[in-house]
Amino acid sequence: MPYNCVVMIKQVPDTKRVTGQAMNDDGTVNRAALPAIFNPEDLNALELALEIKDQYGGTVTVITMGLPAASEVLREALYRGADSAILVTDRRCAASDTLATSYIISCAVKKLDYDIVLCGRQAIDGDTAQVGPQLAEKLEIPQITYVEKLIHLNNGSISARRSIGAGWQEVKAGLPALLTVVDEANEPRVPAAKKLMKYKKARTRAEVEKAVREAGSNDDSKTAKLVETQCKALDEKGLLIKQWDLDYLEADMQWCGRDGSPTKVHRIQSVVLEAKGSKEVAPTLEAITEMTHELIEEHTIG
Amino acid sequence: MIDVNTNGEVWIFAEQREGALAETSLELMSKGRQLADTLGVELCTVLIGSGVEKLCEKLAHYGADKVYLIEDPLLERYQTTSYAKVIDELIHEYHPQIMLYGATSCGRDLAPRVASAIKAGLTADCTDLQIGDHEVKKTSTTYKNLLFQIRTAFGGNIIATIINYDRWPQMATVREGVMPMPEPDTSRKAEVVKVKAKMTAADLALEIIREHHQEKKVNLKASRIIVAGGAGVGSKENFKLIWDLAHSLGASPGATRAAVDLGYIDRDHQVGQTGTTVRPSLYIAAGISGAIQHQAGMSESKKIIAINNDPDAPIFNVAHYKIVGDLNEVLPMLTKAIKEKV
C-alpha cells in the first residue's frame, strides 16, 4: 500500500562550522560568514521518507517556510528524490516563534493528502525540537519523536523504534502520524546525477521575479508579463516549484508572525569566550608534577 | 489563550518512570523554590502516573509546597497525548504563572505538545531562569516580574533571554545538569491535591510494544573529575591515554562530539551542547580545540586543564592551566605525576 509522506525541511546557517574566519575580533560569531545549509537532521527525515517510498510506493513532498533563498534546499531535496516541493513564503511570517511557525506550516500540510509527516528532530540554529510536536498537535495527529528506526507500516498504522534517552521504545500509532527523526536513523543518500540535471533549473516564482528584475527590466507591466511567460514555461516542464503565501493558506493572521508568537526576545548577548586567571604550564614532567601538587593541595584531586 | 495571572503558582512537572523521579525534576526544585520565593507564591509540582502517591513525600523534601497528584491506570506509562491532556486541563483550571519541565527526552516531547494546545509560549533547553522586568518601548509599558528564560542559541554562539508577557503561563524546559541538586529536608511537608483525570482509552494515541532501558555507560554528571579527549587524540587506540589518566584519578572519560563521531569512544561519554552538561571539580581537555558547542557543556567546571599543540586553540581561553604540547607526551607525564603523588 502506497503512502504519501510530507517532509518539513529548513535552511539553516551552518553553526557547526564556526571557525576562525567566522569570528569577529571581539570573540563573537560573524553570522554572515556562515554558509546556509540543509538542516542535517531534516536530511535524515527526507531519507526515511524516500525509504518508505522505495519500499511501499507513494509520494514524497517537501515543504519549507522561509525567504525565497530557501528554495535552494527544496532543489536539493528534489535532487535526492523528492517528487514535489513547496515554498511557504510571506513577509508576514517574519518573527514567528515555534508556535506561530507550527501553525503556518500546519495550514500548508492541511492542503495536502498525507499519511506521514516527517521532521528532523531539531534545527541546528535554534535547537528547540519544538516545531515537530507542535505541528502534530495542530494537525491533531499522534507524534513519535526521536525515531531511530522504522519497523513496519501496515493497515493504516506505523511502528517505529524511538530513543528515550537511557534506552529505547517500540511504539505503534495509527496513521496519519508525525515522526521526528534523529541522525542515527540512517545515512542520507547523495543527490542523483540524473535528478540534478533535471531539477537544477527548477525555480520558485520568487526566484523568477528576482532574475527578471536583475536582468534590468524596470517596466512593471513588461516585468509581470515576462515573469508570467517564464513561470508558465517552467511549469510545462514540471520545473516550477510551488510557492504558497498566507492568503493561499487561508491562515488566520492572529496566529502568524509577531502577533502569533507569545515568546519575545528580551535580550541577545553574544558569547565572548573569556579568559580566566590562567597559568602556562610547560610540557615537562617537572612542571606537570608541580601543577599536580598544587591541585592536590587545594583538594581538587586526591 | 490563557491570560496573565500574577498570583499564579510556580509549577514543575515531576517526571517519573516506574515510580522513580527523574533527577532533572529534582534539580529543578532548587530554581523553582527561588523563583517562587521571589514572586511570593507557592512552589507546586505536577505528578502524573498510577500508584505514585508515595513520591509526594520526596517532592516535599526537595522543596514543594503542594503536589497536584493525578492518578489513573491509563496514566501508568508516559504518553505524549494523555499526559498533555492532563496538563492542559490543569493549567486551564489553576492558571499557574510558570510551568517548568526538565529538558529530558520526555520533557521535550511533552512540553511543546502542551504549549501548542494551550497556545502558550515555550522556551527550549534553558540554562538559567531569573525574574526581571521588561519594557516595551513602543507602548511605554513595563511588565514586572517576568520569567527570564535564558538559553544559548545559534550553536551556542549567542545567549538569548526570552520572555512572554501577554500570554501565559510562562513555560520552559530546562537543560539537565545545569541546576544544582537541592539538599532534601525531611521535615518538609506538602499539601497533596488529588485531581481526577478524565481519561479514556482513546486518549492513548500510541501502543507501547516494548521498551528497553539501558543506563548510560558512564555518569558524567556525577563525576568529580573528567578527562576528555577530542579529535586531536587521533585514534581509538590512542584514546587509551585518556582512559589511563582517568583510571589514575578515579575520573570518568569524556569526549567531544568529533571524537564520538570518529568512533573513538561511545556516545554516552559525549560532553557538550548535544551531549551532557557537566560541572566537575576538574576537567582535563586533551586534543580538544574547544568548539563553542563543547564549551557549552563544560565551561562551568571549577578547574580546567587544557592540553593542545596549537597555542591558538580556543580551549585555552577557558583553561586555568594551559599546556601547549603533544598530548602523546603530556598525558603519560600527567598520569605518572599523579600515580606518584596520590
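Trainee: Does B:Glu18 count as buried or exposed in this predicted model?
Mentor: The model is predicted, so we work from computed neighbours. B:Glu18 sits in the loop between strand 2 (16-17) and strand 3 (20-21) of chain B. It has 10 C-beta neighbours inside 10 Å. The cut-off is 12 or fewer, so B:Glu18 counts as exposed.

Trainee: What is phi of B:Glu18 near?
Mentor: B:Glu18 is a residue other than glycine.

Trainee: Which loop of chain A holds A:Asn155, a residue with positive phi that is not a glycine?
Mentor: Phi of A:Asn155 is about 45°. With 8 C-beta neighbours inside 10 Å, A:Asn155 counts as exposed. Its place is the loop between strand 7 and strand 8 of chain A.

Trainee: Is A:Ser96 buried or exposed?
Mentor: A:Ser96 lies in the loop between strand 5 (84-88) and helix 3 of chain A. Within 10 Å there are 21 other C-beta atoms. The cut-off for this class is 20 or more, so A:Ser96 is buried.

Trainee: Which residues is A:Ser96 in contact with, leaving aside neighbours within four places in sequence?
Mentor: Two of the partners are A:Thr101 and A:Ile104.

Trainee: Which peptide bond of chain B is cis, with omega near 0°?
Mentor: Look at the loop between strand 10 (158-163) and strand 11 (170-174) of chain B. B:Pro169 lies there. The cis bond runs from B:Trp168 to B:Pro169.

Trainee: What are the edge strands of the open sheet of 11 strands?
Mentor: The order is 11(A)-12(A)-5(A)-4(A)-1(A)-6(A)-10(A)-7(A)-8(A)-9(A)-13(B), with mixed pairing. An edge strand here pairs on one side only. The two are strand 11 (203-204) of chain A and strand 13 of chain B.

Trainee: How many bridges link strand 9 of chain A to strand 13 (residues 206-213) of chain B?
Mentor: The two strands pair in the antiparallel sense. A:Gly167 stands opposite B:His213 in strand 13 of chain B. The pairing runs over seven bridges.

Trainee: What is the bridge partner of A:Ile158 in strand 9 of chain A?
Mentor: Strand 8 and strand 9 of chain A pair in the antiparallel sense over seven bridges. Within strand 9, the partner of A:Ile158 is A:Ala173.

Trainee: Which element gives the largest share of the side of chain A that touches chain B?
Mentor: In total, 65 residues of chain A are in contact with 72 residues of chain B. Elements giving two or more residues to chain A's side include helix 3 (98-110), strand 7 (143-154) and helix 8 (285-297) of chain A. That side divides into 27 nonpolar, 24 polar and 14 charged residues. The largest share, eight residues, comes from helix 8 of chain A.

Trainee: Why are helix 3 and helix 4 of chain B classed as oblique to each other?
Mentor: The axes of helix 3 (residues 80-94) and helix 4 (residues 105-118) of chain B come within 9 Å. Helix 3 passes helix 4 in a right-handed crossing. The residues of this contact divide into eight nonpolar, one polar and three charged. The axes cross at roughly 50°, and the two helices are therefore oblique.

Trainee: How are helix 5 and helix 8 of chain B oriented to each other?
Mentor: The axes of helix 5 (residues 240-249) and helix 8 (residues 327-341) of chain B come within 9 Å and cross at roughly 15°. The crossing is left-handed. Residues of the contact include B:Leu241 and B:Leu245 of helix 5 and B:Leu331 and B:Ile338 of helix 8. Angles under 35 degrees fall in one class, so helix 5 and helix 8 of chain B are roughly parallel.

Definitions and conventions. Residues are numbered from 1 along each chain as its sequence is written. Chains are lettered from A and ligands numbered from 1 in the order in which they are written. This is a predicted model: local features need pLDDT of at least 70, side-chain atom pairs count only at pLDDT 80 or more; totals for chains, interfaces and linings use all residues. Two residues are in contact if their C-beta atoms, placed from the backbone, lie within 7 Å. Helices (H or I, at least four residues) and strands (E, at least two) are DSSP runs, numbered from the N terminus. Ala, Val, Leu, Ile, Met, Phe, Trp, Tyr, Cys and Pro count as nonpolar, Asp, Glu, Lys and Arg as charged, and the others, Gly among them, as polar. Two strands pair if DSSP finds at least two bridges between them. Axes are lines fitted to C-alpha atoms, for helices over the stretch in contact, and angles run from 0 to 180 degrees between N-to-C directions. Angles under 35 degrees count as roughly parallel, over 145 as roughly antiparallel, 65 to 115 as roughly perpendicular and the rest as oblique. A crossing is left-handed if the near helix is turned anticlockwise from the far one by less than a right angle, and right-handed if clockwise.
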